[in-house]
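Dear colleague,

I am passing on to you the structure that follows, together with its sequence. Please look through it first; my notes on what was found come after it.

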Amino acid sequence: MYNVLLVSLTGFDSTAEIPFIFKSAGCKTVDVFCNSQSWLLSNKYYNNWIESSVEHEPFKDHLISLVEQDINYYDWVLLLDDASVKLMNESITSEELFKKILPINKIENREILSSKLGLSNICQKYNITTPRYLNYSDIDDIATISQKLHFPILLKEDYSFSGIGIQYCESPELLNDCLDKVRVKENLVLQEFIKGEDIGVEALFRNGELITYNCAEVLKYMYNKFSFTTRRLYYQNNDVAQLLKTLGKNVGLNGFASVQYIYHPERQIYYLIEVDARTNSWMPYSRFTGYNFTDGIKRIMQGDLSHTAEADPGKKIEVAIFDRDIRRCVKHRDVKGVFAWVFNYKGYWRFIPFYDLKFFGRIVRKLFRDLIN
């Protein structure tokens, strides 16, 4: 039987439904390692809560001690947020412990974890297509930057997520103004902006092998195209699947990954933009797409690391995250969007998490607080 440890350092709500995925797959034990305010506790599907500190040093010491006391007890340890990935990546030197806790099994590629610059470097190392980039820490002369990059460009803080820490710069004349808005300039990535089709991908890997995935066209963003999304149109894409298989083997991905590509239709090129080796809020919704991560976990438990073949690659399924989309509708006065929820447009009510009243209660309370404020 399978024992799983789910780990979260921060208070993001994206972790709340992850225990449901593993319990639905038939895992015997799903333990959570988090603090008392964590969303990991806002569900009925975990077995044991191991309370962690909110402080980084005691958090990582406790987690390492917990895993080392019986390194074979947990079949899988998953870090669910960027903060815990970054902290443990900076703390662990043992290759055995690295492979047990971190979401890749090739320690030589650890720079990809929670680092925009690291991802760009890894793409260069393995000849993975990604937009041209520079490290601002190495080149801070605007004339040189203008020679090496075609504007517009993006300024990406090395450790950033959910669209925070990204600036769009239209021309060299505006670069200094954009740089003034950057909080952390160390290892700041300057990257050419590719105009094309955004493709959001959630994928599950084990020992570098792609197990299952879902890719999506973004239908609605919360704020702008650099912020998180509230509605997506899911489908399968064999070209993306092949890219994911190559990525997984090269990097040694060993868990969930949230990936972003941009497809340039005139060039017919997929550019890799983002790889976050952790879960996101969309992964539990795979149960509506026909390619459920729960089924992938079941196969992993059985020792089957094969990829699920696309049964109907042309099929597209619209999915929305209940509380996020309601907030977006209210914020942007999207009356049609509100009516979609009121009148169960395309079966939207199935996305309301009635299956877990503990989680539903907390998400509704949070939604009301957000709307009031």
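Which residues of β14 are buried on one side, and which on the other? Ile-317 and Val-319 are buried on one side of the strand, and Glu-318 and Ala-320 are buried on the other, which leaves both faces of β14 covered. In a regular strand the side chains alternate between the two faces of the sheet. Please bear in mind throughout that this is a predicted model.

The antiparallel sheet

Strand β14 belongs to an open sheet of 6 strands with antiparallel pairing, in the order β13-β12-β9-β10-β11-β14. The edges are held by β13 (269-276) and β14 (317-320); each has a single partner strand, so one side of each has no neighbour in the sheet. Between neighbouring strands of this sheet the average turn is 30°, direction ignored.

Strand β11 (residues 229-235) runs antiparallel to β14 and is joined to it by 4 bridges. Within this pair, Tyr-234 has Ile-317 of β14 as its bridge partner. Ile-317 is also one of the buried residues named above. Strand β9 (residues 197-206) and strand β12 (residues 256-264) also run antiparallel, with 8 bridges joining them. There, Tyr-263 in β12 is the residue opposite Glu-197.

Strand β10 (residues 209-221) contains Ile-211, a residue that is buried, with a relative accessible area of 0%. Ile-211 and Arg-299 are separated by 88 residues in sequence, yet their C-alpha atoms are 8.3 Å apart in space.

Phe-293 is part of helix α9 (residues 293-301) and is buried, at 0% relative accessible area. Gln-268, on the other hand, is exposed, with a relative accessible area of 61%.

The parallel sheet

A further open sheet has 4 strands, ordered β3-β2-β1-β4, and its pairing is parallel. Here β3 (48-51) and β4 (76-79) are the edge strands; each has a single partner strand, so one side of each is without a neighbour in the sheet. The twist from one strand to the next averages 20°. Over 4 bridges, strand β2 (residues 29-34) pairs with β3 in the parallel sense, and Val-32 stands opposite Trp-49 of β3.

Backbone features

Most residues other than glycine have a negative phi, and most peptide bonds are trans. Where does the backbone show a positive phi in a residue other than glycine? One such place is Gln-268, with a phi of about 55°; this residue sits in the loop between β12 and β13. Another is Lys-346, with phi near 50°. Lys-346 is located in the loop between α11 (335-342) and α12 and is partly exposed, with a relative accessible area of 48%.

A cis peptide bond links Phe-151 to Pro-152, with omega near 5°. Pro-152 belongs to the loop between α6 (142-148) and β6 (153-156).

Cysteines

How many disulfides does the structure hold? The number is 0. For Cys-27, the nearest cysteine sulfur is that of Cys-34, 17 Å away. Because a disulfide requires two cysteine sulfur atoms within 2.5 Å, Cys-27 is in no disulfide. Cys-27 counts as buried, at 3% relative accessibility. Cys-123 is likewise in no disulfide, and the nearest cysteine sulfur, that of Cys-215, lies 18 Å away. Cys-123 is buried too, with a relative accessible area of 1%.

A nonpolar patch on the surface

Finally, Val-330, Phe-368, Leu-371 and Ile-372 make up a nonpolar patch on the surface, and their accessible area together is about 410 Å². Helix α12 (residues 357-372) supplies the largest share of this patch, 3 residues. Val-330 lies in helix α10 (residues 322-331). With 43% relative accessibility, Val-330 counts as partly exposed.

With kind regards

Notes:
Residues are numbered from 1 along each chain as its sequence is written. This is a predicted model: local features need pLDDT of at least 70, side-chain atom pairs count only at pLDDT 80 or more; totals for chains, interfaces and linings use all residues. Side-chain values use heavy atoms; hydrogens and water are left out. Buried means under 20% relative accessible area, exposed over 50%, partly exposed in between (1.4 Å probe, protein chains only). Patches are made of residues with over 30% relative accessible area and no salt bridge: like charges are joined within 9 Å, nonpolar side chains (Val, Leu, Ile, Met, Phe, Trp, Tyr) within 5 Å. Accessible areas come from the Shrake-Rupley method with a 1.4 Å probe; for residues, only the protein chains shown count as cover. A salt bridge is a side-chain nitrogen of Lys or Arg within 4 Å of a carboxyl oxygen of Asp or Glu. Helices (H or I, at least four residues) and strands (E, at least two) are DSSP runs, numbered from the N terminus. Two strands pair if DSSP finds at least two bridges between them. Axes are lines fitted to C-alpha atoms, for helices over the stretch in contact, and angles run from 0 to 180 degrees between N-to-C directions.
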